[in-house]
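These notebook entries record what I looked up in one structure. I began with the chain as a whole and then turned to single regions.

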Amino acid sequence: AQDKDGATPLVDALHYRQVPMVDLLIEKGAKLEIERALHEAVMRGQADVVALLLDRMPPLGATTLLHDAALKGHVEIVELLIAHKADVNARNAEGATALHDAALAGHGAVAEVLLNHGAEIDARDGVTQATALGRAASWGRRDVVELLLARGANPLLKDKNGKTALDLAVANGQSEVVAVL
C-alpha cells in the first residue's frame with residue numbers, strides 16, 4: 001500500500017530508522033528498491049539501516065556509494081561498505097576515487113580507513129588529474145594533507161595545469177597547508 005505521496009510502510013520504516021519493522025516487512029514480502037534505499041541510508045548516515053540492507057545484497061564491487069559515504073564523513077558506513085566488498089578504488093563519473101572525496105571534504109578518519117584498505121594514494125581523477133593530496137591542499141584540509149604525506153603521497157605530482165599540491169595551496173591562500181608542504 002502507498003500513501004498519497006507514494007510512500008509505502010517499508011519506505012517510512014526506513015526513513016524513521018525502524019530497523020526491526022524494516023526487517024519484518026521485508027520478511028513478509030514487502031518489495032524494496034534496495035539500491036535506492038541503500039543510497040538514501042548512506043546519505044543520511046544511517047549505519048544501522050545500511051547494515052540491514054547490505055545483508056540482503058550480493059557483494060558490492062564498484063560502486064559510488066563509497067564516494068557518498070566518504071564525502072559525508074560516515075566512517076562506520078565506509079567500513080560497512082568495504083566489508084561488503086565495495087571497491088575502494090572505484091571511480092565516479094569524474095574519474096575520482098572515494099579518497100579524493102574524503103580529502104576534499106577534510107575527513108581524515110575516512111581517508112585513513114580507505115588507505116588501510118588499499119586505496120591508491122596517488123590516484124588521479126579523470127578530469128583535472130588531481131590527486132587526493134592536491135584536493136586536500138586546495139581546500140586547506142591540513143589534517144588530511146599531513147595524513148597523506150605521512151602515508152607516502154607524492155607532493156611533487158602535478159595536475160593537468162602543471163600545479164603541485166603546494167602550488168594549489170598557495171593559489172588558494174591556504175597558509176597552514178603551505179607551511180606543512
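**Entry 1. Contacts and chain.** I looked up the contacts in the protein chain between residues at least 6 apart in sequence, and 64% of them join residues at least 24 apart. A contact here means heavy atoms within 4.5 Å. I note that this is a predicted model, in which local features need pLDDT of at least 70, side-chain atom pairs count only at pLDDT 80 or more, and totals for chains, interfaces and linings use all residues. Residues are numbered from 1 along each chain as its sequence is written, and side-chain values use heavy atoms, with hydrogens and water left out.

I found twelve helices and zero strands in the protein chain. Helices (H or I, at least four residues) and strands (E, at least two) are DSSP runs, numbered from the N terminus. The C-alpha trace spans about 60 × 30 × 25 Å along its principal axes. Of the 181 residues, 41% count as buried.

**Entry 2. Nonpolar core.** Which residues touch the most other members of the largest nonpolar core? I found L38, L66, L81, L114 and L148, in a core of 50 residues. Such a core is a set of buried Ala, Val, Leu, Ile, Met, Phe, Trp, Tyr and Cys residues joined through side-chain atoms within 4.5 Å. Helix α4 (residues 47-54) gives the most to this core, with six residues. I also listed the partners of L38 beyond four places in sequence: V50, L53, L54, M57, L60 and L65. In soluble globular proteins, nonpolar side chains tend to be buried together.

**Entry 3. Helix α7.** I looked up how far α7 (residues 98-105) is covered, and six of its eight residues are buried. These are A98, L99, H100, D101, A102 and A103. The cover over them includes α5 (65-72), α8, α9 and α10 (142-150). Just after α7, G106 takes a positive phi of about 80°.

Entry 4. Is D125 buried or exposed? D125 counts as buried, because its relative accessibility is 2%. The side chains of D125 and R135 are joined by a polar contact of 3.1 Å. A polar contact is a pair of N or O atoms within 3.5 Å; within protein, one must be able to donate a hydrogen and the other to accept it, and residues adjacent in sequence count only if both atoms are side-chain atoms. Beyond four places in sequence, D125 is in contact with R91, E94, G95, A96, H100, A130 and R135.

G118 lies in the loop between α8 (108-116) and α9. G118 is partly exposed, with a relative accessible area of 45%. Not counting residues up to four places away in sequence, G118 touches V88 and N89.

Q129 is also in the loop between α8 and α9. Phi of Q129 is near 65°, a positive value in a residue other than glycine. At 33% relative accessibility, Q129 counts as partly exposed.

**Entry 5. K85.** I recorded a positive phi of about 75° for K85, which is not a glycine. K85 is found in the loop between α6 (75-83) and α7. K85 counts as exposed, because its relative accessibility is 57%.

**Entry 6. Cavity.** How many cavities of 30 Å³ or more are there? I found one. On a 1 Å grid over the protein atoms alone, a cavity is a set of points where a 1.4 Å probe fits but cannot get out, and lining residues have an atom within 4 Å of a point. Grid points are joined across faces, edges and corners, and a volume is the space filled by probe spheres set on the points. The largest cavity has a volume of about 70 Å³. Its lining has 15 residues, of which T131, G134, L157, K163 and A165 lie nearest the centre. The elements giving two or more residues to this lining are α9 (132-138) and α11 (165-171).

**Entry 7. E27.** I finished with E27, found in helix α2 (residues 19-27). E27 is exposed, with a relative accessible area of 62%. The C-alpha atoms of E27 and A153, 126 residues apart along the chain, are separated by 47 Å.

Definitions and conventions. On a 1 Å grid over the protein atoms alone, a cavity is a set of points where a 1.4 Å probe fits but cannot get out, and a pocket is an open set with protein on both sides within 12 Å along at least five of seven lines; lining residues have an atom within 4 Å of a point. Buried means under 20% relative accessible area, exposed over 50%, partly exposed in between (1.4 Å probe, protein chains only).
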